[in-house]
Amino acid sequence: MSDPAVVDLIGRSNRLGSDTKNTNYAGGNTSVKGIGTDPVTGEPIELLWVKGSGGDLRTLTESGLAVLRLDRLQRLVDVYSGIEREDEMVAAFDFCLHGKGGAAPSIDTAMHGLVDAAHVDHLHPDSGIAIATAADGEQLTSKIFGARVVWVPWRRPGFQLGLDIAKIKNQHPQALGCILGGHGITAWGATSAESEANSLWIIDAAAAYIAGNSKPDPFGPAQDGYTALPEAERHAKAAALAPTLRSLASYDKPMVGHFTDAEVVLDFLGSTEHPRLAELGTSCPDHFLRTKVKPLVLDLPASAPLEESIVRLGELHAAYRADYQAYYHRHATDGSPAMRGADPLIILVPGVGMFSYGANKQTARVAGEFYVNAINVMRGAEGLSAYAPIKESEKFKIEYWSLEEAKLARMPKPNPLAARIALVTGAASGIGKAIATRLAAEGACVVIADLDLEKAQSVAREIARENGASEANGADVAIGLAADVSDEAAVRAAINTAVLAFGGLDLIVNNAGLSLSKALLDTTVADWDLQHDVMAKGSFLVSKAAAKVLIEQKLGGDIVYIASKNSIVAGPNNIAYSAAKADQAHQVRLLAAELGGHGVKVNGINPDGVVRGSGIFSGGWGAQRAAVYGVDEEDLGAYYAQRTLLKREVLPENVANAVFAICSADLSHTTGTHIPVDAGVAAAFLR
Ligand SMILES: NC(=O)c1ccc[n+]([C@@H]2O[C@H](COP(=O)([O-])OP(=O)(O)OC[C@H]3O[C@@H](n4cnc5c(N)ncnc54)[C@H](O)[C@@H]3O)[C@@H](O)[C@H]2O)c1
Ligand SMILES: [Zn+2]
């Protein structure tokens, strides 16, 4: 049975975390102090339950709490020798754990343990940070909250900040919380309900004061030519720029992207003051690793021609990198971690929107959410006074904090296809579904493209669930879209949607297909056209639209054709299907030759006899083939197996394995070839 105090803490944390006005994703932490039993002595002991490192308040559960012995934690004050050595106190937390201690204690543990209140909330609300980053934040704090909220000057989170807050609370017995300069808020209470009410009171009072006292245009008047383009134009320009932007963001390391054209972003970018404010950078400590100290801002009007925008972005990117390197070298000391890469994580395009980047989709999306928080903070601070984030040297001390570096070093090794974006056509069924499932399991973001939207989306949801994504965040893993690959406009729209969903494209699998089994004299022109439209022309159209993205991204990539044994073997009664497959097979060689110079590999897979799970087989082809071979339809899998060299049935997963292998780093030097996945069919040997 959980301690009732812990149950209350989890409830309060989840409520506070589920409203974005209260804190940013994974920002802030909460705690309760209570009495437990020492299992060794049976005696009562004072414990601190506090949200551990990582995780999010909205979804916090008991396993996300660190549990510490309060008496030992508080005695650290006696051995603390000053700010120079405060980082060592984090290691000392391990010696204060109760039993195994649950989750790893975070850097904010000292604040919770040292403040003399049973319940403590530390949060990053936009309204509170607006006051915390206003040039006259201290005066505003007393004006808005009177004696009930105290100003604490900026200090990097840690043991000393905990001591500062504890001292201020003792000196101001009437205070219910404080504004942490440049950072956020902390509130406390004698009961869980009181702490929650105090937190919300600070957040709401700050928001109400901003609403009632802000100047009308905190970002200045609208700037001619920089306001939002009409939606269709905006999306078209975003999709056209996305591959170039991803190449800039991925100069040091491949990144996945997130795009938003939320009104709050477009409004900021359409204002006269946005260049000055963007240059000032973000302030809350949570931001620097996620958004870098500042974004890259395109300084051209929304109507600027694409080519001109691309040239200018290249110049701005070079300048951004030089500026970032200079920032690193201005502040790095002998003990600083190595520079982590100089590319921007946030790119702002006036009239179009914001692109944010990360090593995976969730990180990219959250970086964008953080910059929206930063815009809200800047609007509040500028509305009341002037936005004044913490000093650059302090930002550096957080971005390159040895404790942050240690956290990064503890992160699990990325999956083989992390930061890669796959599009699989015909992936709502059979082999394509197995391929999409495998690529997602290896860490790729996947786009399921098929004729039927509902089926495509349902497979995407299934794959997202299998990979542990919540219902709300399934699109971080997989999305489904409708596209007839034989329709050029539909293919282009699908590629654009994919590019806007994940920032770009890396792995394209031409799998969509269907199959008619007819003798020459029975094959109609319509049969011929259908087979060739979907498979020969369809894969040509998909490869063409995707190759443009791959070339602009400059990150290489893979195009994989699911051809067939029938592209080589002259099977019975198969003219339209097999001729179309032979066409696809030769596209592999032609495109491997043409795209090799861009680092793009093009290969094919030749499956045979994949009966189970295949819509082609269950939709009539199976019955026809069974009739041709003179066996019962349900025995067709076994029939195909016995005529193979390995006597094995081929499953969709076997084809998916080959697709993963060809896209993996191990086959980085292989292009223009076909891998048979047919359990061994001598007639289909390649030579
Ligand atoms: N099953 C086999 O034995 C076998 C053998 C060799 C090659 N192949 C090839 O593997 C691929 C997948 O076949 P499967 O067996 O999984 O079949 P399947 O019918 O289960 O899946 C094919 C998918 O392609 C989609 N599709 C059809 N026309 C489309 C279009 N115009 N645009 C977009 N999507 C379209 C279908 O809706 C379906 O979801 C096909 O190219 C097929 O020729 C299959
Ligand atoms: Zn904080």
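Visitor: Is the crossing of helix 19 and helix 20 right-handed or left-handed?

Guide: A crossing is left-handed if the near helix is turned anticlockwise from the far one by less than a right angle, and right-handed if clockwise; in this predicted model, helix 19 and helix 20 cross in the right-handed sense. The contact (heavy atoms within 4.5 Å) is made by E488, V491, R492, I495 and V499 of helix 19 together with L541, V542, K544, A545, A546 and V549 of helix 20. Local features here need pLDDT of at least 70, side-chain atom pairs count only at pLDDT 80 or more, and totals for chains, interfaces and linings use all residues. Residues are numbered from 1 along each chain as its sequence is written, and side-chain values use heavy atoms, with hydrogens and water left out.

Visitor: Which residues of helix 18 are buried, and how are they arranged around its axis?

Guide: An α-helix has 3.6 residues a turn, so residues three or four places apart point the same way. In helix 18 (residues 453-466), the buried residues (under 20% relative accessible area, 1.4 Å probe, protein chains only) are A456, V459, A460, I463 and A464. They fall within an arc of 140° seen down the axis, the arc being that of the directions from the axis to the C-beta atoms, so they line one face of the helix. The face turned away from that buried side carries K455 and R465, which are exposed (over 50%).

Visitor: What covers the buried residues of helix 18?

Guide: Their cover includes helix 17 (430-441), strand 14 (445-450) and strand 15 (478-482).

How values were computed: Chains lettered and ligands numbered in written order. Helix = DSSP H or I, 4+ residues; strand = E, 2+ residues; numbered from the N terminus. Expected span 1.5 Å × (residues − 1).
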